[in-house]
There are 2 protein chains.
Amino acid sequence: MTGVRVAGVGLTEFGEHAGRTGRDLFAEAANVALRDAGVDRERVEQLNYGNFMGALAERQSHQAPLMAEAAGLHCPATRYEEACASAGVAVREAVRAVRAGEVDVAVAGGMERMTNLSTERVTESLAVAADELFEVRAGVTFPGAYALMARRYFDRFGGDQTDLAHVASKNHTHALDNEYAQYQREVSVEETLDAPTVASPLGLFDACPVTDGASALVLVSEAAAQRHDLTAPVAITGTGQGSDRAALQDRETIAETPAARRAATAAYDDAGITADDVAVAEVHDCFTIAEVFALESLGLYEPGEAVGAARRGETTRDGELPVNLSGGLKAKGHPVGATGGSQIAELTRLLRGDHPNSEWVSDAEVGVTHNAGGTVASAVVHVLEVAG
Amino acid sequence: MTGVRVAGVGLTEFGEHAGRTGRDLFAEAANVALRDAGVDRERVEQLNYGNFMGALAERQSHQAPLMAEAAGLHCPATRYEEACASAGVAVREAVRAVRAGEVDVAVAGGMERMTNLSTERVTESLAVAADELFEVRAGVTFPGAYALMARRYFDRFGGDQTDLAHVASKNHTHALDNEYAQYQREVSVEETLDAPTVASPLGLFDACPVTDGASALVLVSEAAAQRHDLTAPVAITGTGQGSDRAALQDRETIAETPAARRAATAAYDDAGITADDVAVAEVHDCFTIAEVFALESLGLYEPGEAVGAARRGETTRDGELPVNLSGGLKAKGHPVGATGGSQIAELTRLLRGDHPNSEWVSDAEVGVTHNAGGTVASAVVHVLEVAG
């Protein structure tokens with residue numbers, strides 16, 4: 001099996017793109033990625049595309065061939081849907097196809113339009129990622145579900161709202177210089193604690209925003225990178241995926257996210273690394289508590305230890321293990337179907353040195369991304385390494 | 001790379017399943033497939049699941065982990081959506097994962113619930129497979145789109161409604177003994193021609209029905225089949241996928257379906273066969289004219305020649321090249337997200353000798369399946385061979 005390199009990354013600004021279509025957004029990201037890679041679009045052999053709520057937001061499913069067309073690609077195109085991990089699985093399957101030698105050059109990423117929906121409609125549309133029969137009909141929405149998980153975590157391990165407020169504040173600080181971020185503004189711990197409660201113990205600033213945006217990666221085999229003299233210093237060396245029961249009530253515990261632990265274990269095994277090797281991480285902080293779950297599932301912290309990480313300054317940009325230097329879903333934004341690709345694009349930029357926050361991780365050789373669907377009924381973890 | 005065997009197949013009855021959930025249907029198909037394979041569910045390493053309109057029909061996306069749970073599987077689960085080719089791409093990616101050695105045992109298939117929707121809602125929901133901006137807003141629905149394609153075909157190559165009526169009648173005859181078929185009843189050529197017009201030149205019996213149902217396959221590596229002494233006499237030896245522009249108006253021709261030709265060429269190359277080797281085919285006859293396009297794209301007929309194939313008795317069960325011995329989408333039914341898996345399940349049964357129609361193809365060694373999305377903006381072709 002061949003190694004897989006990230007030859008190019010492309011992102012749209014994350015935020016509100018009123019009046020632009022989904023295909024327009026994805027084409028922009030794909031074009032940026034292809035230009036970044038220096039790869040001619042005729043060489044692309046496969047498009048793996050993530051989207052979550054297109055049927056509801058744009059009355060458009062079957063988006064993969066549309067996106068290929070918009071991006072000027074003439075190749076088989078497939079849509080992946082795994083709630084908020086849609087682009088994560090799309091990238092994962094592209095990684096597997098490249099390293100199996102099925103294709104030499106793939107584009108993978110995703111897109112979501114959300115801000116065109118009313119608040120009520122966007123809440124309804126996000127809810128289709130939960131268990132309709134056993135959660136949604138009982139009134140559970142995602143802020144409520146993550147609030148339940150946070151309460152259970154606090155009960156079992158300790159931690160409080162101030163710990164979580166430090167996660168929010170940290171990620172907003174990280175987003176300050178990120179030109180793609182939806183919110184390039186500071187949010188203090190106090191401001192977070194003073195914000196209106198959404199679902200106790202989570203307040204408004206514990207939640208990620210509603211976002212439009214797209215992401216794209218150009219993935220190539222090492223052989224193709226050499227043959228075409230591509231500058232592709234970052235390799236994807238590990239990929240892992242895990243699933244869990246969809247409804248919280250059906251799980252043995254909700255103070256942990258075992259699907260992500262399984263995904264991380266698989267990805268580390270795949271890459272031949274351990275959690276100790278990881279120097280930087282982009283994780284799925286749809287809510288502040290979700291970052292805590294992510295860090296523990298990734299084995300970067302023992303259960304119960306991650307909740308204070310931001311407060312202790314360990315996961316801040318000047319800490320030992322900077323987490324979500326992009327700003328995370330929290331401040332950079334969360335266009336659901338694009339997020340998994342965006343995390344890998346941001347981590348690639350961080351590792352190759354052209355991210356506004358690269359200075360904080362100039363010695364980093366190994367990073368991970370963690371992308372989750374629903375209340376982590378699905379999880380995808382990737383290991384990225386500087387390969388020279 | 002290892003070979004891939006179909007170790008087990010599972011189907012629900014196709015038809016109306018009022019009062020049953022999607023997860024219930026898929027669990028039934030998966031359980032039948034696992035029992036058929038004699039594979040313990042703990043050995044399944046990956047679930048590839050196809051579904052098209054779950055967000056609209058059941059307000060349920062993120063279905064893959066739900067389906068794994070319902071089927072008692074504890075493995076990564078991914079949903080694929082490619083309109084009516086959703087299960088086709090799900091199976092294709094499972095085939096690739098098995099032969100790359102990523103997993104030894106995968107379950108692949110799909111499910112759709114449709115009959116719970118009103119006629120108006122089901123039409124709206126199917127329309128999200130077309131180009132919303134450039135087709136749907138202009139009033140194009142799928143019967144209308146295929147009618148345009150049929151008219152263009154007739155103009156260019158000849159053929160008439162009677163030719164198409166023979167396709168309908170043939171597939172209904174084939175479905176007579178299929179215990180899974182939605183319509184186990186004869187429909188004569190005259191009855192088809194007398195049926196109400198839906199979109200000229202297509203009448204009611206030129207169209208497939210609205211269907212609930214599920215399909216599942218157990219795919220294993222040759223090594224695993226030997227190791228566990230599985231009876232798996234049918235191999236998937238070739239897989240191919242093609243995409244095209246979504247909107248008919250954007251294509252160079254609508255009297256052919258180039259995406260399917262590309263998929264077929266890739267699948268034949270992959271298997272090391274030619275169209276001449278094919279002895280039996282299950283193709284995507286969502287409308288009678290679609291079977292004509294399929295046979296020409298598969299290289300089984302020259303352009304313009306397939307329209308008379310059923311009328312000439314070549315593709316009937318006693319013909320030289322039996323097509324849609326299952327009854328096809330036309331008579332067996334078309335639960336959109338399940339269809340691509342159902343085709344492979346039916347062809348497997350035909351080739352291994354336990355299909356009610358196996359007697360008509362007792363000497364067949366090679367068969368193909370052809371699964372299409374929308375107006376063939378997406379296509380997936382698989383080659384199946386008797387491997388002993």
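Predicted model: local features only at pLDDT ≥ 70, side-chain atom pairs only at ≥ 80, totals over all residues.
I started with a crossing: helix 1 of chain A and helix 3 of chain A cross in a right-handed way. I call a crossing left-handed if the near helix is turned anticlockwise from the far one by less than a right angle, and right-handed if clockwise. Helices (H or I, at least four residues) and strands (E, at least two) are DSSP runs, numbered from the N terminus.

I noted the contact residues next. Helix 1 of chain A brings G22(A), R23(A), F26(A) and A27(A), and helix 3 of chain A brings Q63(A), L66(A), M67(A) and A70(A). Contact here requires C-beta atoms, placed from the backbone, within 7 Å. By class I have five nonpolar, two polar and one charged residues. Ala, Val, Leu, Ile, Met, Phe, Trp, Tyr, Cys and Pro count as nonpolar, Asp, Glu, Lys and Arg as charged, and the others, Gly among them, as polar.

I then looked up the geometry. Helix 1 (residues 22-37) and helix 3 (residues 63-70) of chain A pack at about 55°, axes 8 Å apart. Axes are lines fitted to C-alpha atoms, for helices over the stretch in contact; angles run from 0 to 180 degrees between N-to-C directions. The two helices of chain A are therefore oblique to each other. Under 35 degrees is roughly parallel, over 145 roughly antiparallel, 65 to 115 roughly perpendicular, and the rest oblique.

Residues are numbered from 1 along each chain as its sequence is written, and chains are lettered from A and ligands numbered from 1 in the order written.

**Chain B, helices 6 and 11**

In chain B, the axes of helix 6 and helix 11 (residues 288-297) come within 9 Å and cross at roughly 55°. That makes helix 6 of chain B oblique to helix 11 of chain B. Their crossing is left-handed. I list Y146(B), M149(B), A150(B) and Y153(B) from helix 6 against I289(B), A290(B) and V292(B) from helix 11. The classes are seven nonpolar, no polar and no charged.

**Between the chains**

A rotation of 180° with 0.0 Å of shift along its axis superposes chain B on chain A (RMSD 0.0 Å). That is the relation of a two-fold axis. I find 45 residues of chain B in contact with 45 residues of chain A.

Methods. Least-squares fit on C-alpha atoms with pLDDT ≥ 70 in both. Contact = placed C-beta atoms within 7 Å.
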